[in-house]
Amino acid sequence: MVRIADIPLPDFPLLLAPMEDVSDPPFRFVCKQNGADLMYSEFISSEGLIRDAIKSRAKLDFNEFERPFGIQIFGGDEEAMAMSARIVDTVQPDLVDINFGCPVKKVVSKGAGAAVLKDIDAMVRLTSAVVKSTSLPVTVKTRLGWDDNSKNIEEVAERLQDAGIKALTIHGRTRAQLYKGEADWTLIAAVKNNPRIQIPIFGNGDIDTPQKALEYKNRFGVDGIMIGRAAIGYPWIFREIKHFMQTGEMLPLPTIEERVEICRTHAHKSVEWKGEIVGILEMRRHYANYLKGLSHVKEFRTRLVTVKTLAEVDSILNEIREKFSDVVLERQVIPLSEDQFPACAV
């Protein structure tokens, strides 16, 4: 069993990455249904939280069903990070996570996210401020370094552990890489194998099949893996990885009916949480991924992104289920581009 402080997790847990504009309660619900072991909120600006910004406060919402659950904050000011940690404390998630990995320019330009990788002393001060301000376990997500000339993750891991964090997730790219190229897990393994490191180390980056998940588990020895973009439109990735690790066999692909019903659940939860207008609008980004691999589905997809009521969405999903009921899909991995989902998955 893996533990983050006193939080028990399964052997080799699967974590759902915090992704901006993706990892909201409706999306987390369908991922939890399909086997995600630990999930996080979308990342929340510490400045927005202490200013009582509506969008930031809304991101604190979660359901008991989601536990164990972490709320992720980011920022470059010690006082703001400390105050936001105290606010997070009041809603009692299971842990507080700090984002030191987001590469997006609007975050980095404020000295937050991956920008802090350029100043480890500042990273330690920010982390210490959070640790001292909350009764909850504190974890961190980050990258290998700022660029190829400053891959300082081994020093970062030791110093953050000394500052009191209880787990570390590492994305196998530098900030300069963004999401391009291949994630390098060798430095993640170096952190895990460091005899000074006593906290769980989770790896993140490029896990998009059960086979790769098992290979990376065996090859790099991490305590668990975090999955981000591969779960968008395909929450079954969690149950498939677990089954493959237990049996060495691949589960059958989800049927058309399963795809439609999970998409429907996601849409209904979205409306339930956000109201019909916003819920329907924000579901539009998900349909293409749920329907990936179906030929001649463009007409239905076009209608789904133009309708304005949940009843209309249900009706179109019923049509899709009937029209494609006999289709047998082939397994495929089509990486999501940053243009499709500008999600900050560190």
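The following legends describe close-up views of a predicted model.

**View 1**
An unreviewed UniProt entry lists residues 15-320 under "domain: DUS-like FMN-binding". In the predicted model, this span is 47% helix and 12% strand.

**View 2. Residues annotated as a binding site.**
The unreviewed UniProt entry gives the annotation "binding site" to Gln 72, Lys 141, His 171, Gly 228 and Arg 229. His 171 belongs to strand β9, which comprises residues 168-171. Because its relative accessibility is 3%, His 171 is classed as buried. Arg 229 is located in a loop, between β11 (224-227) and α10 (237-247). The relative accessible area of Arg 229 is 21%, and this residue is therefore partly exposed. The limit that applies to both residues is 20%, since buried means a relative accessible area under that value.

**View 3. The residue annotated as an active site.**
For "active site", the unreviewed UniProt entry lists Cys 102. This residue is found in the loop that lies between β7 (95-100) and α5 (105-108). Is Cys 102 buried or exposed? Its relative accessibility is 0%, so Cys 102 counts as buried.

**View 4. The packing of helices α4 and α6.**
Two packed helices are described by the angle between their axes and by the distance between those axes. Helix α4 is formed by residues 78-91 and helix α6 by residues 120-133. Their axes come within 8 Å and cross at roughly 30°. Angles under 35 degrees count as roughly parallel, and α4 is therefore roughly parallel to α6. The crossing of α4 and α6 is right-handed. On the α4 side, the contact is made by Glu 78, Met 81, Ala 82, Ala 85, Arg 86 and Asp 89. On the α6 side, it is made by Arg 125, Leu 126, Ala 129, Val 130 and Ser 133. By class, the residues of this contact divide into 6 nonpolar, 1 polar and 4 charged.

**View 5. The packing of helices α6 and α7.**
Helix α6 also packs with helix α7, which comprises residues 153-163. The angle between the two is about 30°, and their axes are 9 Å apart. At this angle, α6 is roughly parallel to α7. The two helices cross in a right-handed manner. Which residues of α6 and α7 meet? From α6, the residues are Ile 120, Asp 121, Met 123, Val 124, Thr 127, Ser 128 and Val 131. From α7, they are Glu 155, Val 156, Arg 159, Leu 160 and Ala 163. The contact of α6 with α7 has 7 nonpolar, 2 polar and 3 charged residues.

**View 6. Leu 310 and its surroundings.**
Leu 310 lies in helix α14, which is formed by residues 310-323. Its relative accessibility is 13%, so Leu 310 counts as buried. When neighbours within four places in sequence are left aside, Leu 310 is in contact with Ala 267, His 268, Val 271, Glu 276 and Ile 280. Leu 310 and Tyr 290 are separated by 20 residues in sequence. In space, the C-alpha atoms of Leu 310 and Tyr 290 are 17 Å apart.

Key
Residues are numbered from 1 along each chain as its sequence is written. This is a predicted model: local features need pLDDT of at least 70, side-chain atom pairs count only at pLDDT 80 or more; totals for chains, interfaces and linings use all residues. Side-chain values use heavy atoms; hydrogens and water are left out. Axes are lines fitted to C-alpha atoms, for helices over the stretch in contact, and angles run from 0 to 180 degrees between N-to-C directions. Helices (H or I, at least four residues) and strands (E, at least two) are DSSP runs, numbered from the N terminus. Angles under 35 degrees count as roughly parallel, over 145 as roughly antiparallel, 65 to 115 as roughly perpendicular and the rest as oblique. A crossing is left-handed if the near helix is turned anticlockwise from the far one by less than a right angle, and right-handed if clockwise. Contact means heavy atoms within 4.5 Å. Ala, Val, Leu, Ile, Met, Phe, Trp, Tyr, Cys and Pro count as nonpolar, Asp, Glu, Lys and Arg as charged, and the others, Gly among them, as polar. UniProt positions are given in the numbering used here, feature names are shortened, and annotations may be inferred rather than shown by experiment. Buried means under 20% relative accessible area, exposed over 50%, partly exposed in between (1.4 Å probe, protein chains only).
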